[in-house]
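Please keep the model in view while reading.

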Amino acid sequence: MQFHHHGYVSHDPRVLPAEGLGVDRPTELPDEVDVLIVGSGPAGMLLAAQMSQYPEVNTRIIEKREGRLVLGQADGIQPRSVETFQAFGFAERIIAEAYNIGWMNFWGPDPENPQNIIRTTRTADYAFDICEFPHLIVNQARVLDYFAEAAADGPGRIVPDYGVEFLGLTVHEAGEHPVEVQVSQAGGQRTIRAKYVVGCDGARSRVREAIGRKHVGGISAHAWGVMDVLVNTDFPDWRTKCAINAEAGNILHIPREGGYLSRMYIDLGAVAEDDDHRVRQTPIEEIIRRANEILHPYSIDVKEVAWHSVYEVGHRVTDGFDDVLDDSGRTPRVFLTGDACHTHSAKAGQGMNVSMQDGFNLGWKLGSVLTGRSPESLLSTYGAERRPVAQQLIDFDREWSSLMARKPEEISDPQELATFYLGTAEFPSGFMTQYSSSMITGTDGHQALAAGFPLGKRFKSAEVVRVCDGNVVHLGHHARADGRWRVYAFGDRTGAALDAWAERAAPLFARYTPSDADADAVFDVKAIHQQPFEELEVTAAHALFAPKSGPLGLTDWEKVYAAGPSKWTETDIFDARELSRDGVVVVVRPDQYVSAILPLDAVDELGAYLEGMLLPAS
């Protein structure tokens, strides 16, 4: 990581200096705010961490609980989420404490004794076949802790206002703070006015109810018990993720962090139409009995139940993700994220992951609008982009949960579940999302120049060699969730066209960068050469790739890279990502999705693209 560019730092460099409203941040919840986040779940806490990078924006997050979450229900962390954690600066630490899913094994009835189960398939997990990040299991509460730390240590110094309950809101047509919010705090009620409100308040969202949005979908007639348990057992795969299909029912077994705790989803069977949710009262003793019946001839001796619940599989998506209920073209003022706008089963491990991407998508857009970088119309892209993703999630989860609930006699191919698990891996891993053309996502007319960076998909990193020191690094790992755009300029064979591009493009980037800010405050522009790093001199780079940073005006040496291979890597990013040897420019938005692909000589086209989504700096 880079630091010292604002002067010598002797403390933890992850704790950034307070700026703007983060300096002497008032402890009391003010009467007026720019952004009010309702709920401190995964989407809300990521959003708070992102907004802390915009210290001039008055952001507050309210939570009706009196303190931090102690035990979270979600625990599956997909590779895309770990990639996101890396952008927020805590991937390495959370990987160290999490359970890494290296394998998933499948169990079915023993053909010679169908009352017993046997292992039918042992499959390597999909994570490292898709990217460099692992597939993890870790308590949701710890994920929230890490985002809370990022929010509190960011320039905005954002911390949750606990013990504040959302009661309702009214959106007015005019006014600088048009959203009037009623809350209850310390036994009394009060009103807060906000420019924007974000509902991160779960499946029973009051924010959703207040803006007239509806969940569309229903509950399937099947129930599952879930429990986090500490046990002694003779089941040989207790520390391996397993899908177990038996005559007595089904189990999805997921080891958890710490080496001893595991989560079990236990099939409770079909639910009668007149059940009226009575199945949710199933006692833990019955859930454990069912688990032992399914595991036969193995058994578990439960020593402690950390948490348990019963749920009926539901698949719902809200009819809209903001408060614009018509085609008026009005700018959204209230937004929904996470379970407030999509609910589904827990067995695909998607809830927390998709919710966090909701927050990541929205956060930089709110920051860009409220700091004057982008027009308000940018905010309409949130619902347009995230609702299709939610619907894809519902469709995927419906198929996965149906496969998980089948009886042995309904299965013709014992390998079908394993085949589906591996064959659809890109979706649950979080890498299937692809945003369509919009004001922030260009057209695919130049896609052939960078076939390995599909337009609208997340930027898939690869190793490169940093020219200033010869170290091999992942190109995408340098990017942080700081609200900046990334521009990767991949050079031509000689580098002449790259220099010409930099000379013409530099004034474009300067047009949108405040004169009193660092030259790379809005655009982090990097050069990637085809030549080996030994043939390059970092001091020969164009000024665009060697900006001056901080009050001391220090040169940033980490903007120039070589493609490799080198002594330390066999990767040539031009080959690995199918990049044109004539050069190509790849523009990546602040939440890591590829938003434009252009040839080096298309500077006018780049200018038109920027003009469509950004406002000139004042």
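Q: What makes helix 1 and helix 5 neighbours in this predicted model, that is, which residues of helix 1 meet which residues of helix 5?
A: The model is predicted. In helix 1, the residues Pro-42, Met-45, Leu-46, Ala-48 and Ala-49 meet Gln-140, Leu-144, Phe-147, Ala-148, Ala-150 and Ala-151 of helix 5. Residues meet in this sense because they have heavy atoms within 4.5 Å.

Q: Why is helix 1 called roughly parallel to helix 5?
A: Helix 1 (residues 42-51) packs against helix 5 (residues 140-153) at an angle of about 20°, and their axes are 8 Å apart. Angles under 35 degrees count as roughly parallel, and helix 1 is therefore roughly parallel to helix 5. The crossing of helix 1 with helix 5 is left-handed.

Q: How do you know that helix 11 and helix 13 are roughly parallel to each other?
A: The axes of helix 11 (residues 496-511) and helix 13 (residues 603-611) cross at roughly 15° and come within 10 Å. Since the limit for this term is under 35 degrees, helix 11 and helix 13 are roughly parallel. Their crossing is right-handed. Among the residues that meet are Trp-501, Arg-504 and Leu-508 in helix 11 and Val-603, Leu-606 and Leu-610 in helix 13.

Q: Why is Trp-485 called buried?
A: The relative accessible area of Trp-485 is 3%. Buried means under 20%, so Trp-485 is buried. Trp-485 lies in strand 21, where it stands opposite Phe-523 in strand 22.

Q: What makes strand 21 mostly covered?
A: In strand 21 (residues 485-490), 6 of its 6 residues are buried. Trp-485, Val-487 and Ala-489 point one way, while Arg-486, Tyr-488 and Phe-490 point the other way, and all are buried. Strand 21 pairs with strand 22 (residues 523-529) in the parallel sense over 6 bridges.

Q: How do you know that strand 3 pairs with strand 7?
A: Two strands pair if there are at least two bridges between them. Strand 3 and strand 7 (residues 136-137) are joined by 2 bridges and run antiparallel, and Ile-77 stands opposite Leu-136 in strand 7.

Q: Why are strand 3 and strand 4 called edge strands?
A: The open sheet has 3 strands in the order 3-7-4, with antiparallel pairing. Strand 3 (76-77) and strand 4 (99-100) each pair on one side only, and they are the edge strands.

Q: Are Cys-341 and Cys-468 buried or partly exposed?
A: Cys-341 has 0% relative accessibility and therefore counts as buried. Cys-468, with a relative accessible area of 31%, is partly exposed, because that term covers values between 20% and 50%.

Q: What makes Lys-457 count as buried?
A: Lys-457 has 15% relative accessibility. Since buried means under 20%, Lys-457 counts as buried. Lys-457 lies in the loop between helix 10 (416-423) and strand 19 (463-466), and it touches residues including Phe-431, Met-432 and Tyr-593.

Note on methods. Residues numbered from 1 in each chain as written. Predicted model: local features only at pLDDT ≥ 70, side-chain atom pairs only at ≥ 80, totals over all residues. Heavy atoms only, no water. Helix = DSSP H or I, 4+ residues; strand = E, 2+ residues; numbered from the N terminus. Buried < 20%, exposed > 50% of the residue type's maximum accessible area, 1.4 Å probe, protein only. Axes fitted to C-alpha atoms, helices over the stretch in contact; angles between N-to-C directions. Parallel < 35°, antiparallel > 145°, perpendicular 65-115°, else oblique. Left-handed = near helix turned anticlockwise from the far one by under 90°. Lists of a residue's contacts leave out its neighbours within four places in sequence.
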